[in-house]
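The following exercises concern side-chain packing and pairing in a single model. Each task is followed by a solution in steps.

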Amino acid sequence: IVVFTGCNAVDTLFYFCYTLRNNILIMIRIIPFVSIILINGYVTEQAYFLEKDFINKINEKATTWKAGVNFNPSTPKEHILRLLGSKGVQIPNKVNYKIYKSEDDAYKSYVEIPIKFDARKQWIRCKTIGKIRDQGNCGSSWALATSSAFADRLCIATNGDFNQSLSAEEITFCCHLCGNGCYGGYPIRAWKRFKKHGLVTGGDYKSEEGCEPYRVPPCPYDERGNNTCAGQPMELNHRCKRKCYGDQDLNFNEDHRYSIIYFYSLSKAE
């Protein structure tokens, strides 16, 4: 923006210069205001997938499940995206190519896929299977998904002898190579940590279950059915504790469970 600071000397041009200068000053004041409106409009872009019409279209085609409303339709799209913490699949390269497999000796025996299968009924003793954990206002989905899957598989492998939740808190905030806590991470790096460093037990928020329970508050629904975390600031990353503050009778080092192997499973076509 060019700002005139002169406009003097000639009386006949005084009115023109005075008017021009005032108009430019007004424009200078208006432009930032317009910019704020545009930026705010971008940040508060509405999520189309929360609209009633979109949900109805899904339910017209869905046969085995029903879509519902989990957030107020006015929830900004940006808020939803922040909760999607997985940074995706790492691109294969010369260093990590061994973690990509299209087949494995442990799974060579052919098993016919049943028409119906419910893991909750197949392994009914495993209380973690089918349990939905609340990540709160934190993009830690990558950590809750991997720690929950690890707990499920441990229960299955031990025929129910191990039947606890594993700590989403520890993997979210203590694995700095996995990502950035509430701001996203890589699931495959979480599995790598399970093999190398293990993972302690840990239940839900304020449960005192296990060594390190999850310390991010949940997002309950209000009386109107709206998610109470919508529009609120994201949870700040916690300091890694490295001690049992839930069940304090547990020994932190001895409470770790370890995985044996980790890899991406790809079809031969990929």
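**Exercise 1. Locate S140, state whether S140 is buried or exposed, and list the residues that S140 touches.**

Step 1. S140 is placed in the loop between α4 and α5; helices here are DSSP runs of H or I with at least four residues, strands are runs of E with at least two, and both are numbered from the N terminus.

Step 2. The model is a predicted one, in which local features need pLDDT of at least 70 and side-chain atom pairs count only at pLDDT 80 or more, while totals for chains, interfaces and linings use all residues. Residues are numbered from 1 along each chain as its sequence is written, and side-chain values use heavy atoms, with hydrogens and water left out.

Step 3. The relative accessible area of S140 is 0%, so S140 is buried (buried is under 20% relative accessible area, exposed over 50%, partly exposed in between, with a 1.4 Å probe and protein chains only).

Step 4. Leaving aside residues up to four places away in sequence, S140 touches Q135, T172, G181 and Y214, where contact means heavy atoms within 4.5 Å.

**Exercise 2. Describe the salt bridge of K131 and the network to which K131 belongs.**

Step 1. Side chains of opposite charge can pair when their charged atoms come close. The criterion is a side-chain nitrogen of Lys or Arg within 4 Å of a carboxyl oxygen of Asp or Glu. By this rule there are five salt bridges.

Step 2. K131 pairs with D204, and their closest N and O atoms are 3.2 Å apart. This pair links distant parts of the chain, 73 residues apart: K131 is in the loop between α4 (119-122) and α5 (141-157), and D204 is in the loop between α7 (187-196) and β2 (264-265).

Step 3. K131 has a relative accessible area of 34% and is therefore partly exposed; D204, at 27%, is also partly exposed.

**Exercise 3. Classify the ring pair of W191 and F194.**

Step 1. A pair of aromatic rings is described by the distance of the centres and the angle of the planes. Rings of Phe, Tyr and Trp (its six-membered ring) pair if their centres lie within 6.5 Å; planes under 30 degrees apart are stacked, over 60 edge-to-face, and the rest tilted. The whole structure holds six aromatic pairs.

Step 2. The ring centres of W191 and F194 are 5.3 Å apart and the planes stand at 80°, so the pair is edge-to-face.

Step 3. Both residues lie in helix α7, three residues apart, about one turn of the helix. W191 is buried at 15% relative accessibility, and F194 is buried at 0%.

Step 4. Elsewhere, ring pairs join Y48, F49 and F54 into a cluster.

**Exercise 4. Which residues touch the most other members of the largest nonpolar core, and which elements give two or more residues to this core?**

Step 1. A nonpolar core is a set of buried Ala, Val, Leu, Ile, Met, Phe, Trp, Tyr and Cys residues joined through side-chain atoms within 4.5 Å.

Step 2. The largest core has 18 residues, of which F150, L166, I171 and F194 touch the most other members. The elements giving two or more residues are α5 and α7, and α5 supplies the largest share, five residues.

Step 3. Beyond four places in sequence, the contacts of L166 include R133, F150, L154 and L199.

Step 4. A second, separate core of eight residues includes C138, F173, Y214 and V216.
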